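Here are my notes on the model you sent over.

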Amino acid sequence: MRAPDLLFNRSIPFVKWMLFIVTVLATVACSDQPWNSPYPPDQAGQNILYSSFASRPNHLDPARSYASNEVVFNGQIYEPPLQYHFLKRPYQLEPLTATRMPEAYYLDEAGQRLPDGAGEEEIAYSVYDIEIQKGIRYQPHPAFAKDKRGRYLYHALREQDLDSVTTLSDFHETGSRELVAADYVYQIKRLAHPRLNSPIFGLMSEYIVGLKDYAATLKQVLEEEGTEASQPRYLNLADYPLAGAQVLDRYRYRIKVRGKYPQFQYWLAMPFFAPLPWEADLFYSQPGMKERNITLDWYPVGTGPYMLTVNNPNRQMVLERNPNFRGELYPREGGPGDAQAGFLEDAGQRMPFIDKVVYSLEKEAIPTWNKFLQGYYDVSGISSDSFDQAVQIGSGGDIALTPEMRDKGIHLNTAVSTSIFYMGFNMLDPVVGGDSKRARLLRRALSIAMDYEEYISIFRNGRGIPAQSPLPPGIFGFIDGREGVNTYLYDWTAQGPQRKPIAEARRLLAEAGYPNGRNVATGKPLVLYFDTTGGTPDSSAQQNWIRKQFAKLDIQLQIRNTDYNRFQDKMLKGTAQIFQWGWNADYPDPENFLFLLYGKNGKVEHNGENAANYKNEEFDRLFEQMKNMKNGPGRQTVINRMVEILRKDAPWVFGFHPKDFVLYHDWYHNAKSNLMANNTLKYKRIDPQLRERQREAWNHPVVWPLGLILLLLVVSVIPAYIGYRRHERQQGRAVNS
Amino acid sequence: MLAYIIRRTLYAIPILIGVNLLTFVLFFVVNTPDDVARMHLGAKRVTPEAIEQWKQEHGYDQPLLYNRKASGVAKVTDTIFYNKSMRLFAFDFGSSDAGRDIGEDISQRMWPSLAIALPTLLIGLLVNISFSMLLAFFRGTYLDLSGVMLAVVLMSVSSLFYIIGGQYLFSKLLHLVPVSGYESGMQAWRFVLLPVAIGVFSGIGAGSRWYRTFFLEEVNRDYVRTARAKGLPEARLLFRHVLRNAMVPILTGIVVILPTLFMGSLIMESFFGIPGLGSYTIEAIQTQDFAIVRAMVFLGSVLYILGLLLTDISYTLVDPRIRLS
């Protein structure tokens, strides 16, 4: 009689487990959303954009953040005075929080205002007076929270007050206030804060009057106080005046820049020059905040359309609509073809359109791609692994989506990015460098041999265009078509530019004194050295390809592979011979590319960005002339001459300008690529209902294979059971006998 | 036993110092403090002054191991090694080079790692034991041979294949579970299901072959032969006697890895977007965040030593003949 009870009791956990599993499955089955949805059911149908990030942003403090994975967030939160027009090309600046575009006026050394059209030699300072709009308010933030008597609630916290605090949301009270000009000045001063290490401090201290001395003053103050360098310490920067940034009144401030620097206005469109309220600085500097990872680097405070409400870069970051955002209207004008492409459908509508943006951490390309195809991400890039699945390239080089993508209603956007990848020659090197005819011909021969058309085809799936000069399309000075071709390397044909034959490169090489890759004086083979980083299978294939290009001229190429740190060290010391590097534009001005070859930016001598250490007197003189000129025929003429000098001297093999491919679903609108602006999220619009329908259509769970697997398992147990029975019978017989 | 535990704990100190020193040397052979600073300051527009400032702020402006300019004990204590590594012994992990509190990060990220590792271990144990017992029961038959062959095949396949294949089959084709992602709380099971299933399946080959040898070793012992001669049914023999005795090496093998379950799986977490400690370590290596690398290596060493200690203790618990002295 006890056995059944025992059996029953033992089965209770099993029954409970089965009930649990059935309940869970029933819950999933009854849920409206597909089983494979990675999002909570309550988000279904909501106006939420889903995107991903591969690496967590290191800095969200606008004085520090510079990397592209950081401005993705900061661009939506912080508002500098200017921004790029979303639709117009070439890229144009327009006011964001400023009431109008600031016009610089000039002063002489004595501080006297110069008349318009004054000569550059007279200009000692440029002055920008910026007026901001009234009524702009910050996002809700505890730094602004006040009690009934108007005292700040969280400005004098003690360690014990933070006992129950782990994230910013643990501060229950929030407040806001109006944006004032002093906040912009405060942020400019922060660029010089010795503990912030702003990446643009070095550059800006050369321009903003008094910034270098300001940094020294702050450093001295901190040293006198003796606070540990790693500990945050609030300094009220308003107590320390800066000559180059001054508050004029509540809504106006002035920036004074040394000399003439027209490119400065581009910097005014970057988060470096966004406002920062002193309250936030004080709030985050309190003891115990840093230990809880509550810092300005983690929880930004801005006036922009979005605010960061979840910052868990281990998993997810969430931007939500800033309830205090003033509202901004979608542009009414665009470039040619924008109306036909539907980019003006929302003209005049109040932005932002999307309520919330969820960025999920995705370390690998394959899961990200699969989730995009399932409709769980709205936009996607294309990795090499999935390129063939997404894009087909016709025999004429025309690019189209595959039928599979078209059937899903996926669209493709392509744009040549404002960047360049180049192969540089160290001009300090005795073999490939210098201004001799021999070295110049050698470099030109190598430039012809490096077949970047092939490189783009093999390693970039056709995503790029060979560079004819340092200037990419979209930047003033770039010339398309026959006029823009580098005639040292290309011949113009009916099909467009055609790379010169290798025989021409061999001829140049022979003229340089290396017929068939041998030094005519010594008879020894020419051995060159290529310094690079990498070590992955991909990079090894690329290195082999480069070796083959040199071998076309019978030149032996030794690859000196190293990690990026060692590589940078070599570049700083000038011990590399040939190298590959790239540059991504800070702003759409030819100065931002041509300065990469300006003599006073030499890497070895001046620790600048001129990694080739190229120095040409005429080029340098023209650069100094060009950088302050306004775009127009005069500037174009100077740029043409500069480009001609570079083509002749060939300090770089002008590699290629990458092409960005972006895929997006049918429900995603206003997808026009803007490679300069980093605050484009507010322009985007989605149709969540269409997305919901598509997701459901694409993600019906297929259950029968599970049943099949179960059946197979049962079937496979049968022989085991038969074997067991047979074994038992045999054993029984053996015992009986 | 207490004396043994204290002795083993004391032995651990020089081991941990050695591990710390080795990590430190290996890291700084590859990277100088200047490299680390450059990595954190970004590739563009970094000035030598900014590098010096960053080093000063993060305590990398001192000599690495020996300070010639200092006097007395300060020759050793005024160094990067001493200042960065010694406080780990008080489990003060400090801040990452990016400024985050490492202890806080670890306490957050160990749970997702555990959510994958613990069910994988337990279910895997159950499946592997069942499968290997089945093979042991049918030892020498075609069933055993097929099972061993299957185990060898399963062992030979890369875990990456299981992950990508599993995601493709169950998420992309059958639409049963999310491809990747993570949610805490009750929603977590949807994201944990596939990684756990893949973890269990990919471990069947190695686990069942290993356990099979334990069972076969036990099956050939005298007490089993005696029990069989007395007419004990084979199934009862296996479950009652063989399993119990074979569990000694199995469990002690498990105990050693128990503490390290917190450390997570590097590839699995990366592909499934699990915000655990495995991906934390990988990220730190990629971003050259020495503070995190050092903390994770130290933590891993401590947990491994703890695992070994627990194994020794577990021997005494499962086998009363063993005495720790």
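How do H18(A) and H19(A) run relative to each other, roughly parallel or roughly antiparallel?

1. Roughly antiparallel, and the angle shows why: H18 (residues 617-626) and H19 (residues 633-649) of chain A have axes that cross at roughly 155° and come within 10 Å, so the pair counts as roughly antiparallel. On the cut-offs, angles under 35 degrees are roughly parallel, those over 145 roughly antiparallel, 65 to 115 roughly perpendicular, and the rest oblique. The axes are lines fitted to C-alpha atoms, for helices over the stretch in contact, with angles from 0 to 180 degrees between N-to-C directions. Helices (H or I, at least four residues) and strands (E, at least two) are DSSP runs numbered from the N terminus.

2. Before going further, the housekeeping. This is a predicted model, with pLDDT of at least 70 needed for local features and 80 or more for side-chain atom pairs to count, while totals for chains, interfaces and linings use all residues. Residues are numbered from 1 along each chain as its sequence is written, and chains are lettered from A and ligands numbered from 1 in the order in which they are written.

3. Back to that helix pair. The crossing of H18(A) and H19(A) is left-handed (the near helix is turned anticlockwise from the far one by less than a right angle; clockwise would be right-handed). On the H18(A) side the contact uses A:Glu618, A:Phe619, A:Leu622, A:Phe623, A:Gln625 and A:Met626, and on the H19(A) side A:Arg635, A:Val638, A:Ile639, A:Arg641, A:Met642 and A:Ile645. Contact here is C-beta atoms, placed from the backbone, within 7 Å. By class that gives 8 nonpolar, 1 polar and 3 charged residues (Ala, Val, Leu, Ile, Met, Phe, Trp, Tyr, Cys and Pro are nonpolar, Asp, Glu, Lys and Arg charged, and the others, Gly among them, polar).

4. Next, a sheet in chain A. Its 4 strands make an open sheet in the order S1-S12-S9-S8, with mixed pairing; strands pair if DSSP finds at least two bridges between them. S1 (48-53) and S8 (306-312) of chain A are the edge strands, each pairing on one side only. From one strand to the next, the twist averages 20°. S1(A) and S12(A) (residues 356-361) run parallel and are joined by 6 bridges, with A:Tyr359 of S12(A) as the bridge partner of A:Ser51. Helix H2 (residues 68-77) of chain A lies across S1, S8 and S9 (316-321) of that chain, at about 140° to S8(A).

5. S4 (residues 105-107) pairs with S5 (residues 125-131) in chain A over 3 bridges, in the antiparallel sense, and A:Tyr106 has A:Ser126 as its bridge partner in S5(A). S5(A) is also joined to S7(A) (residues 252-258) by 7 bridges, again antiparallel, and there A:Val127 has A:Lys256 as its bridge partner. S19(A) and S20(A) form a hairpin with 2 residues between them, and A:Tyr490 stands opposite A:Arg499 in S20(A).

6. On to chain B, where the domain assignment (automatic or from a database) gives domain 1 (2-90) and domain 2 (103-324). Their C-alpha centres lie 35 Å apart. Across the boundary, 17 residues of domain 1 of chain B are in contact with 13 residues of domain 2. H1(B) gives the largest share of the domain 1 side, 10 residues. That side divides into 10 nonpolar, 4 polar and 3 charged residues.

7. Within chain B, H6(B) and H13(B) (residues 277-286) have axes that come within 7 Å and cross at roughly 125°, so this pair is oblique. B:Asp105, B:Ile106, B:Arg109, B:Met110 and B:Ser113 in H6(B) meet B:Leu277, B:Gly278 and B:Tyr280 in H13(B).

8. Last, the chain interface. 55 residues of chain B are in contact with 52 residues of chain A. H3(B) supplies the largest share of the chain B side, 6 residues. By class, the chain B side has 22 nonpolar, 21 polar and 12 charged residues.

Terms used
Two residues are in contact if their C-beta atoms, placed from the backbone, lie within 7 Å.
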